[in-house]
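Colleague: I would like to go through the labels on this model. Please set each value against its definition.

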Amino acid sequence: MIIRIVRMSFQPNKVNAFIDIFNRSMVKIRKSEGCAHLSLHQDLKASNVYYTISHWESPDHLEQNRKSDLFKNTWGMVKPLFDEQPVAYSLNKQTP
């Protein structure tokens, strides 16, 4: 199991646009082959910083998602909303 954490910092006036994009894409992403979980989290101290946490059955499933049209289209809409470069971490799950 691969855990993917992506930290995204948005222009404060673009947060609502991001939430709308995420809500429209969430169900489709969750239905992607190999996706076992997807959630969105807001930073406690910085209201314009969000994290996505997703669980993938394998690195190949994660990579397949990253190459998909759904990812490319969604990321293309989200990218202009950032005020910092996003940071992504891919982790191997070690415990149940």
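Colleague: Why is Arg 66 called partly exposed?
Modeller: Arg 66 has 36% relative accessibility. Buried means under 20% relative accessible area, exposed over 50%, and partly exposed in between (1.4 Å probe, protein chains only). So Arg 66 counts as partly exposed. Glu 63, at 33%, counts as partly exposed too.

Modeller: Some ground rules. This is a predicted model, where local features need pLDDT of at least 70, side-chain atom pairs count only at pLDDT 80 or more, and totals for chains, interfaces and linings use all residues. Residues are numbered from 1 along each chain as its sequence is written, and side-chain values use heavy atoms, with hydrogens and water left out.

Colleague: What makes Arg 66 and Glu 63 a salt bridge?
Modeller: The term requires a side-chain nitrogen of Lys or Arg within 4 Å of a carboxyl oxygen of Asp or Glu. Here N to O is 3.4 Å, so the pair qualifies.

Colleague: Why are Arg 66 and Glu 63 separated by about one helical turn?
Modeller: Because they are three residues apart in helix H2. Helices are DSSP runs (H or I, at least four residues) and strands likewise (E, at least two), numbered from the N terminus.

Colleague: How many salt bridges does a search of the whole structure find?
Modeller: Two. Glu 84 and Arg 7 also meet in one, at 3.3 Å, N to O. That pair links distant parts of the chain, 77 residues apart: Glu 84 is in the loop between H3 and E4, Arg 7 in strand E1.

Colleague: Are Glu 84 and Arg 7 buried, exposed or partly exposed?
Modeller: Glu 84 has a relative accessible area of 41%, so it is partly exposed. Arg 7, at 24%, counts as partly exposed.
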